[in-house]
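This briefing covers the ligand site, the pockets and the cavities of one protein model. Please look at the structure below before reading the points that follow.

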Amino acid sequence: MALAPLQLGKHSVWPPVVLAPMAGVTNAPFRSLCRKFGPDLIYVNEMLMATGLVNGSRKTDTMLKFGPDETFRSLQLYGSDPEMLSRAIHKLGTAEAVDHIDLNFGCPAAKVTRRGGGAAVPLKRNLLRALVSAAVEAGNNYGIPVTCKFRMGISDDLLTYIETGIICEQSGAVAIALHARTAQQHYAPSAHWEAIAELKRAVKSIPVLGNGDIWEAADAVKMVEQTNCDGVVIGRGCLGRPWLFRDLIDAFSGRPISPSPLLGEVLPIMIEHATALCDHFDGDRGIRDFRKHTGWYLTGYPVGGEVRRKFSEVSSLDQLRMLADSLDPSIAIVPGGERIARGHTNGPIKVVLPEGYVADRDDMSIPDDADVLQLSGG
Ligand SMILES: Cc1cc2nc3c(=O)[nH]c(=O)nc-3n(C[C@H](O)[C@H](O)[C@H](O)COP(=O)(O)O)c2cc1C
């Protein structure tokens with residue numbers, strides 16, 4: 001398969017594989033673990049709110065941490081006000097804090113869509129254009145390339161992805177990524193890969209990346225074959241399976257894929273991840289944060305509900321090590337265990353828009369969501 005490297009500004013990556021931004025997951029410890037398996041891919045940090053960044057906070061500082069060996073630092077920004085987005089990027093650029101910015105136009109959370117933000121923004125094409133242009137213009141001052149990530153639209157009868165892709169292209173984004181679901185679909189049912197193919201046919205001058213339901217490396221190869229997309233974005237498939245990035249490099253290089261690890265190989269990776277989270281966060285936040293990862297690491301391994309529960313309540317690294325030592329290391333994943341959905345799995349949802357929002361798609365009103373401090377999804 002002749003896949004070109006993904007070019008983001010001066011940075012070139014092959015194979016064109018990107019870790020999707022995932023709030024509460026893709027922090028420095030998780031990215032570091034993934035990079036061990038796939039050193040030179042693109043690993044996007046958690047999403048930061050442009051307003052939070054401009055105003056500054058301790059939490060923002062923690063979220064902005066990159067590992068010392070992270071040579072290409074990617075960050076996703078959320079913002080619905082072009083001025084605020086621009087100020088955030090100037091701040092990041094002045095501090096030489098990042099090398100790449102991704103803009104999120106796919107967040108389906110009701111708290112932002114009901115004000116016209118997140119996944120609702122692409123409905124307002126002039127606002128979208130202003131946001132991408134403002135980000136690109138600010139980024140150009142510092143050599144920071146801008147990419148955009150969005151969904152297919154609000155619902156099957158409000159599809160905007162082709163128009164959105166073209167606007168991003170015309171406004172100077174260097175690549176776009178389509179999460180091939182509508183906001184209404186949320187995370188279920190399956191992603192519509194045919195929409196990625198259609199977007200690829202419509203957007204000719206910048207790379208189109210496909211996102212949605214890549215659980216195993218073979219899925220990524222299939223997505224590229226079926227859609228002709230220029231690269232892939234990996235979300236939930238790597239939750240509890242950071243070695244997926246090694247598998248992806250092998251698959252795109254035409255090498256055989258390693259079998260899934262036995263539990264005895266997974267457990268040290270869990271401990272390494274938890275230890276890094278404990279170093280990253282103050283107090284006991286690291287181990288508490290790790291609890292959600294335990295379920296993902298154990299997905300597909302027949303260890304029983306009681307063991308799973310104990311892991312999900314773990315309160316120290318010592319306890320984690322003891323639990324790990326108590327398990328049979330020869331336990332293998334059940335057939336198909338790699339494909340068991342993890343992370344967000346629900347959908348469809350009701351997407352709330354402001355009253356009369358679709359009546360004027362050229363309106364430039366700026367959504368009033370600057371007070372939203374935390375979001376997850378896209
Ligand atoms: C826990 C979690 C948090 C997420 N947070 C974000 C986010 O902050 N920004 C974003 O653009 N997408 C976010 N997403 C969506 C993913 O980036 C990705 O688009 C989605 O999971 C579909 O890809 P997948 O089927 O490979 O998981 C999140 C997904 C999950 C599971």
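The model is predicted. A polar side-chain atom of N104 lies 3.2 Å from a nitrogen atom of the ligand. Taken alone, the ligand exposes 610 Å², and the protein buries 99% of that area. The ligand takes up the space of the second largest pocket.

**Ligand surroundings**

- The ligand is surrounded by 20 residues, and Q76, K149, N211, D213 and R236 are the closest of them.
- This shell consists of six nonpolar, ten polar and four charged residues.
- Q76 places a polar side-chain atom 2.7 Å from a nitrogen atom of the ligand.

- Two or more lining residues come from each of β12 (231–234) and α12.
- The lining is made up of 13 nonpolar, twelve polar and five charged residues.

**Largest pocket**

- The largest pocket holds about 480 Å³ of space.
- There are 27 residues in its lining, and L48, K59, M63, L373 and Q374 lie nearest its centre.
- At least two lining residues each come from β4 (42–49), α2 (50–55), α3 (58–63) and α12 (285–298).
- Eleven of the lining residues are nonpolar, twelve are polar and four are charged.

**Cavities**

- The model has two cavities of 30 Å³ or more.
- The volume of the largest cavity is about 110 Å³.
- This cavity is lined by 15 residues, and V18, D102, T147, A177 and L209 are the closest to its centre.
- Strands β1 (6–8), β4, β6 (100–105), β7 (146–151) and β10 (175–179) each give at least two residues to that lining.
- β10 contributes the most to the lining of the largest cavity, with three residues.
- By class, the largest cavity is lined by eleven nonpolar, two polar and two charged residues.
- The second largest cavity contains about 40 Å³ of space.
- Its lining is formed by G240, R241, W243, S260, Y297, T299, Y301, I333, G337 and R342.
- Four of these residues are nonpolar, four are polar and two are charged.

Conventions: Residues are numbered from 1 along each chain as its sequence is written. This is a predicted model: local features need pLDDT of at least 70, side-chain atom pairs count only at pLDDT 80 or more; totals for chains, interfaces and linings use all residues. Side-chain values use heavy atoms; hydrogens and water are left out. A residue is near a molecule or strand if one of its heavy atoms lies within 4 Å of it. A polar contact is a pair of N or O atoms within 3.5 Å; within protein, one must be able to donate a hydrogen and the other to accept it, and residues adjacent in sequence count only if both atoms are side-chain atoms. Accessible areas come from the Shrake-Rupley method with a 1.4 Å probe; for residues, only the protein chains shown count as cover. On a 1 Å grid over the protein atoms alone, a cavity is a set of points where a 1.4 Å probe fits but cannot get out, and a pocket is an open set with protein on both sides within 12 Å along at least five of seven lines; lining residues have an atom within 4 Å of a point. A molecule sits in a cavity or pocket if more than half of its atoms lie within 2 Å of its grid points. Ala, Val, Leu, Ile, Met, Phe, Trp, Tyr, Cys and Pro count as nonpolar, Asp, Glu, Lys and Arg as charged, and the others, Gly among them, as polar. Grid points are joined across faces, edges and corners, and a volume is the space filled by probe spheres set on the points. Helices (H or I, at least four residues) and strands (E, at least two) are DSSP runs, numbered from the N terminus.
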